[in-house]
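Subject: Handover of a structure and findings

Dear colleague,

Please find below the structure that I am handing over to you. I would be grateful if you could read the notes after it with the coordinates open.

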Amino acid sequence: MKIDLRPIRQTPGAQSSFSFTDILLTDRLHEAAPWLATIPLIEGKIIHQGNELVVVGKIYFTANGDCNRCLLPLTLTSEVEFEENFQSVDDENNDTEAYRYSGDELELETLVEDYLLLGQPSSWLCSEDCPGFCPTCGADLTAGKCQCEKEVYNPKFGKLALLKDKLSK
């Protein structure tokens, strides 16, 4: 994912748009993001701002996983926005937070990998109201109600429960 900077490099304020659909997924990304289902689409623009380049855009991707509650397989579509500064490796005013570039090409591979990993879904749910499994008998509640008895215990009434047991004997 290299971008030619020659059209904007000499003119502060100049912009250049980009779009990638044919990125190569690195080994690092394959190992860290096995949930990635499709090759991501990356769109954005580069803005030349004096001593640095500002890269703004979005990454669109699809992820495969299992529901955290019922373990059914699911596919999620998501997007991650990014805005990062790139500084030349020759720039003496180094900002340790900025990404680096050299020459007339800007490499976006590290930025895309970083933001894909940050954009990993934190909650995998097939639906917000997924009931999951019964904590008592383990039945799949997405298929229907289970047959186990649900005894609600409130520790505030523990002494009364003991008294009830004594009286019933």
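Please bear in mind throughout that the model is predicted.

**Nonpolar core**

The largest nonpolar core comprises 35 residues. Within this core, Phe18, Ile46, Phe86, Leu106 and Leu108 have the most contacts. Two or more residues come from each of strand E2 (15–20), E3, strand E4 (52–66), strand E5 (73–88), strand E6 (99–101) and H3. The greatest contribution is that of E4, which supplies five residues. As general background, nonpolar side chains in soluble globular proteins tend to be buried together.

Leaving aside neighbours within four places in sequence, Ile46 is in contact with Ile3, Leu5, Ile8, Ala14, Gln15, Ser16, Phe18, Leu53, Val54, Val55 and Leu106. Two of these partners, Phe18 and Leu106, are themselves listed among the residues with the most contacts inside the core.

**Helix H3**

Helix H3 spans residues 109–118. Its buried residues are Leu111, Val112, Glu113, Tyr115 and Leu116. Which elements cover them? The cover includes helix H2 (27–32), together with E3, E4, E5 and E6.

**Two buried polar residues**

His48 is located in strand E3 (residues 41–49). With a relative accessibility of 8%, His48 counts as buried, because the limit for that class is under 20%. A polar atom of the His48 side chain lies 3.0 Å from the backbone oxygen of Thr11.

Gln87 belongs to strand E5. The relative accessible area of Gln87 is 6%, and the residue is buried. Its side chain makes a polar contact of 3.1 Å with the side chain of Arg100.

**Salt bridges**

How many salt bridges does a search of the whole structure find? The search finds four. In general, side chains of opposite charge can pair when their charged atoms come close.

One of them joins the side chains of Lys2 and Glu105, with a distance of 4.0 Å from N to O. Lys2 lies in strand E1 (residues 2–4) and Glu105 in strand E7 (residues 105–107), so this pair ties together parts that are 103 residues apart in sequence. Lys2 is exposed, at a relative accessible area of 53%, whereas Glu105 is partly exposed, at 43%.

Asp4 and Arg6 form another salt bridge, in which the closest N and O atoms are 3.0 Å apart. Arg6 is exposed, with a relative accessible area of 56%, and Asp4 is partly exposed, with 36%.

A further salt bridge links the side chains of Glu81 and Lys58 at 3.8 Å, N to O. Glu81 is in strand E5 and Lys58 in strand E4, so the pair ties together parts 23 residues apart in sequence. Glu81 counts as exposed at 56% relative accessibility, while Lys58 counts as partly exposed at 25%.

Asp66 is found in strand E4 and counts as partly exposed at 44% relative accessibility. Not counting residues up to four places away in sequence, Asp66 touches Leu71, Leu72, Pro73, Leu74 and Trp124. Asp66 and Gly103 are 37 residues apart along the chain, and their C-alpha atoms are separated by 44 Å.

Phe157, Leu160, Leu163 and Leu167 make a nonpolar surface patch of about 440 Å². Where is Phe157 placed? Phe157 sits in the loop between helix H3 (109–118) and helix H4 (158–168). This residue is partly exposed, with a relative accessible area of 49%.

Yours sincerely

Note on methods: Residues are numbered from 1 along each chain as its sequence is written. This is a predicted model: local features need pLDDT of at least 70, side-chain atom pairs count only at pLDDT 80 or more; totals for chains, interfaces and linings use all residues. Side-chain values use heavy atoms; hydrogens and water are left out. Patches are made of residues with over 30% relative accessible area and no salt bridge: like charges are joined within 9 Å, nonpolar side chains (Val, Leu, Ile, Met, Phe, Trp, Tyr) within 5 Å. Accessible areas come from the Shrake-Rupley method with a 1.4 Å probe; for residues, only the protein chains shown count as cover. Helices (H or I, at least four residues) and strands (E, at least two) are DSSP runs, numbered from the N terminus. Buried means under 20% relative accessible area, exposed over 50%, partly exposed in between (1.4 Å probe, protein chains only). A polar contact is a pair of N or O atoms within 3.5 Å; within protein, one must be able to donate a hydrogen and the other to accept it, and residues adjacent in sequence count only if both atoms are side-chain atoms. A nonpolar core is a set of buried Ala, Val, Leu, Ile, Met, Phe, Trp, Tyr and Cys residues joined through side-chain atoms within 4.5 Å. Contact means heavy atoms within 4.5 Å.
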